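Happy to go through this one with you, question by question. Have a look at the sequence and the model first.

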Amino acid sequence: MAESNVVDQPVGRDTKQASPFVPVHSPLEFAQSPAARLLEQPLNLGLFLPIQAGGWSASNLPRSTDWSFDYNAALVKQAEGFGFDFVFALSQWLPKGGYGGVFNGEALDSFMSLAAMTATTERIMLVATSHVLYGPWHPLHFAKFCATLDHISKGRWGVNVVTGHRAVEHEMFGWQRIEHDKRYELAAEFLDAVQQLWAQPDNFSFQPELSNWRLDGAFVTPKPRYGRPLLVNATGSTAGIDFAARYSDFIFITSPEGSDVETAIATLPAHTARVRAAAHAHGRTVRTLLNPMVICRETSAEAHAYRSAIVANAVEGNFDRFNSDAHAWRNQADRAQVARRAVGGNISMVGSPDEIIDYFRRLHAAGVDGIQVSFYDFAPDLEFFGQRVVPLLREAGLRH
Ligand SMILES: Cc1cc2nc3c(=O)[nH]c(=O)nc-3n(C[C@H](O)[C@H](O)[C@H](O)COP(=O)(O)O)c2cc1C
């Protein structure tokens with residue numbers, strides 16, 4: 001056996017002896033990183049990709065929206081052309097039939113799809129969602145795969161770290177759903193290990209308290225170009241916000257009180273202030289992201305007619321089917337309503353380009369740092385948004 005193969009063997013080492021942690025740096029701290037460009041914008045702009053059947057709309061009104069790789073890869077190029085900062089894709093593991101109806105469960109894997117797009121894009125940040133507790137998904141895999149994608153994308157890789165709120169997903173992996181707050185503790189151990197693998201100059205050993213993996217003289221090279229990939233998480237719970245405060249650069253928030261955009265604008269200032277305070281308590285800054293569906297046409301009347309047509313073609317889906325324990329949507333009594341599910345299931349905004357700009361401006365004033373848009377009919381609606389709304393965002397001083 002070659003000498004170099006022997007060096008990393010853990011034989012004879014006390015593996016319970018954890019190596020000392022070294023500081024880990026966010027890519028936002030490196031002025032030349034692609035991620036740092038996000039800080040130059042008053043309001044960040046992202047696109048929520050429809051890599052799953054139905055996108056976010058339980059409606060049968062004819063549309064082009066499609067989960068296929070080619071369709072989504074074209075959307076990413078389109079968004080890049082319009083100067084969007086990032087695209088984002090969700091991750092789901094649903095049994096046969098999904099939620100039913102248009103949400104039939106067909107979905108590309110988030111990590112794999114965006115990994116492929118690292119090679120087909122040049123400027124835009126790519127944020128994939130990963131369930132870090134589903135596995136075996138070892139921190140060493142995660143650290144190595146992300147470091148690789150960081151290099152292929154030249155620093156444009158990001159991960160939305162999720163812990164899995166649907167009972168059925170945990171069951172699919174072979175166990176009962178882990179208790180809500182414990183999931184964040186386990187995810188913290190996972191990310192501690194991953195971040196050390198990104199930062200440690202030497203082989204690294206780590207024995208976690210709660211998790212059943214460990215590291216023995218583990219090493220990852222090359223290191224990510226700018227400290228680490230961008231880290232994001234999506235939450236409304238105290239445990240989740242604390243997790244974001246410790247690890248994330250961005251946090252996806254929901255409206256604390258329902259999907260109505262006016263109620264959201266009224267209640268978001270206290271919520272975004274809470275997130276900021278939690279981050280400051282850890283000596284950090286975390287930027288907030290909101291994900292509305294945008295229904296925009298040249299005139300307000302046309303936009304409302306478009307919304308009415310989507311809702312008139314609404315279809316039922318059983319959204320309680322998978323027993324979510326997510327806190328983020330708890331106060332949203334209208335969440336299951338058919339009309340709401342037809343237009344995104346979260347906040348939606350309807351209007352002319354000027355009216356949409358006004359909503360963006362007010363959300364920004366409510367403490368929202370970035371807006372990640374989704375659409376009903378993605379390709380044409382994104383084109384309209386890019387042509388008509390994006391220039392107005394610049395005029396309004398929300399984008400450079
Ligand atoms: C914008 C957004 C995107 C999300 N994407 C995913 C996802 O792709 N996969 C997933 O399992 N959960 C996703 N979630 C759910 C969160 O991971 C989390 O389970 C949920 O917000 C509840 O967390 P909480 O109980 O800490 O509030 C998303 C949530 C939001 C707000």
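Q: How far does a polar side-chain atom of T235 lie from an oxygen atom of the ligand?
A: This is a predicted model, in which local features need pLDDT of at least 70, side-chain atom pairs count only at pLDDT 80 or more, and totals for chains, interfaces and linings use all residues. Residues are numbered from 1 along each chain as its sequence is written, and side-chain values use heavy atoms, with hydrogens and water left out. A polar contact is a pair of N or O atoms within 3.5 Å. For T235, the polar side-chain atom and the ligand oxygen are separated by 2.5 Å.

Q: What share of the ligand's exposed area does the protein bury?
A: Accessible areas come from the Shrake-Rupley method with a 1.4 Å probe. Taken alone, the ligand exposes 620 Å². Of that area, the protein buries 96%.

Q: How many residues of the shell around the ligand are charged?
A: The ligand is surrounded by 19 residues, where near means that a heavy atom lies within 4 Å. Asp, Glu, Lys and Arg count as charged, Ala, Val, Leu, Ile, Met, Phe, Trp, Tyr, Cys and Pro as nonpolar, and the others, Gly among them, as polar. The shell has 8 nonpolar and 11 polar residues, and the number of charged ones is none.

Q: Is S113 buried or exposed?
A: S113 sits in helix α3, residues 110-117; helices are DSSP runs of H or I with at least four residues, and strands are runs of E with at least two, numbered from the N terminus. Buried means under 20% relative accessible area, exposed over 50%, and partly exposed in between, with a 1.4 Å probe and protein chains only. Because its relative accessible area is 5%, S113 is buried.

Q: Which residue caps the N-terminal end of α3?
A: A side-chain oxygen lies 3.2 Å from the backbone nitrogen of F111. That oxygen belongs to the capping residue, D109.

Q: Is the ring pair of W56 and F378 stacked, edge-to-face or tilted?
A: Rings of Phe, Tyr and Trp (its six-membered ring) pair if their centres lie within 6.5 Å; planes under 30 degrees apart count as stacked, over 60 as edge-to-face and the rest as tilted. By this rule there are 27 aromatic pairs. The centres of W56 and F378 are 6.3 Å apart and their planes meet at 50°, so the pair is tilted.

Q: How many residues apart in sequence are the parts that W56 and F378 tie together?
A: W56 lies in the loop between β1 (44-48) and α2, while F378 lies in helix α12, residues 378-395. The pair therefore ties together parts whose separation in sequence is 322 residues.

Conventions. Polar contact = N/O pair within 3.5 Å; in protein donor to acceptor, adjacent residues only side chain to side chain.
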